[in-house]
Amino acid sequence: MIVYRDGSLKWTGAPPKLAAKLKALSLGSPSVAHVCMGPEGEWFVAFLDGTWEMGGCSDALADKVADVLKGGNAIRSITFGARDSWLIRYTKPQPRKPPQ
C-alpha cells in the first residue's frame, strides 16, 4: 500500500472488501492516514479526519473494539498478528477543564 502526498493510492494484495472500499473513495472523501492488513484477511483503514473502518475481523476483536468505544475512547489503529492476535491503539477522552 502506498499513499501519495496528493492522497492518491496504489496497492496490491488487499482483501477484496478493502480494495472495494479504497476504489470507492472520491475526491471529496477524507484522505487515508494509514492501513493495516492481517494474515487472515483482516484490515483496518484510518482516515485523516479521524474516522476509520475495519473488516474481516473476528467476533472477539469486534467485541473488544465495542468495549473500547463504550468508554468514550477513540480508536487510532489496529495491528494484526497470527492466530487472531491484535493490538488496538486508542486514546482516552480528555477531561474537560472548567471555564476560567
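How many nonpolar, polar and charged residues make up the lining of the largest pocket? The lining has six nonpolar, five polar and one charged residues, where Ala, Val, Leu, Ile, Met, Phe, Trp, Tyr, Cys and Pro count as nonpolar, Asp, Glu, Lys and Arg as charged, and the others, Gly among them, as polar. The model is predicted: local features need pLDDT of at least 70, side-chain atom pairs count only at pLDDT 80 or more, and totals for chains, interfaces and linings use all residues. Residues are numbered from 1 along each chain as its sequence is written, and side-chain values use heavy atoms, with hydrogens and water left out.

**Overall architecture**
- The protein chain contains two helices and seven strands, in the order β-β-α-β-β-β-α-β-β from the N terminus on; helices (H or I, at least four residues) and strands (E, at least two) are DSSP runs, numbered from the N terminus.
- The C-alpha trace spans about 50 × 35 × 15 Å along its principal axes.
- Of the 100 residues, 25% count as buried (buried means under 20% relative accessible area, exposed over 50%, partly exposed in between, with a 1.4 Å probe and protein chains only).

**Largest pocket**
- The largest pocket holds about 210 Å³ of space, and among its 12 lining residues Gly7, Ser8, Leu25, Ser26 and Ser29 are the closest to its centre.
- A pocket is an open set of points on a 1 Å grid over the protein atoms alone, with protein on both sides within 12 Å along at least five of seven lines; lining residues have an atom within 4 Å of a point.
- The volume is the space filled by probe spheres set on the points, which are joined across faces, edges and corners.

**Nonpolar surface patch**
- Met1, Val3 and Met37 form a nonpolar patch on the surface, with about 220 Å² of accessible area together (Shrake-Rupley method, 1.4 Å probe).
- Patch residues have over 30% relative accessible area and no salt bridge, and nonpolar side chains are joined within 5 Å; a salt bridge places a side-chain nitrogen of Lys or Arg within 4 Å of a carboxyl oxygen of Asp or Glu.
- Met37 lies in strand S3 (residues 32-37) and counts as partly exposed because its relative accessibility is 34%.
- Val3 belongs to strand S1 (residues 2-3) and is partly exposed at 36%.
- Val3 and Val32 are 29 residues apart in sequence and 7.2 Å apart in space, C-alpha to C-alpha.

**Loop between S6 and S7**
- Arg83, in the loop between strand S6 (74-80) and strand S7 (86-91), has a positive phi of about 50 degrees although it is not a glycine.
- Arg83 is exposed, with a relative accessible area of 78%.
- Asp84 is found in the loop between S6 and S7, with a positive phi near 55 degrees, and is partly exposed at 36% relative accessibility.

Notes. Patches are made of residues with over 30% relative accessible area and no salt bridge: like charges are joined within 9 Å, nonpolar side chains (Val, Leu, Ile, Met, Phe, Trp, Tyr) within 5 Å. On a 1 Å grid over the protein atoms alone, a cavity is a set of points where a 1.4 Å probe fits but cannot get out, and a pocket is an open set with protein on both sides within 12 Å along at least five of seven lines; lining residues have an atom within 4 Å of a point.
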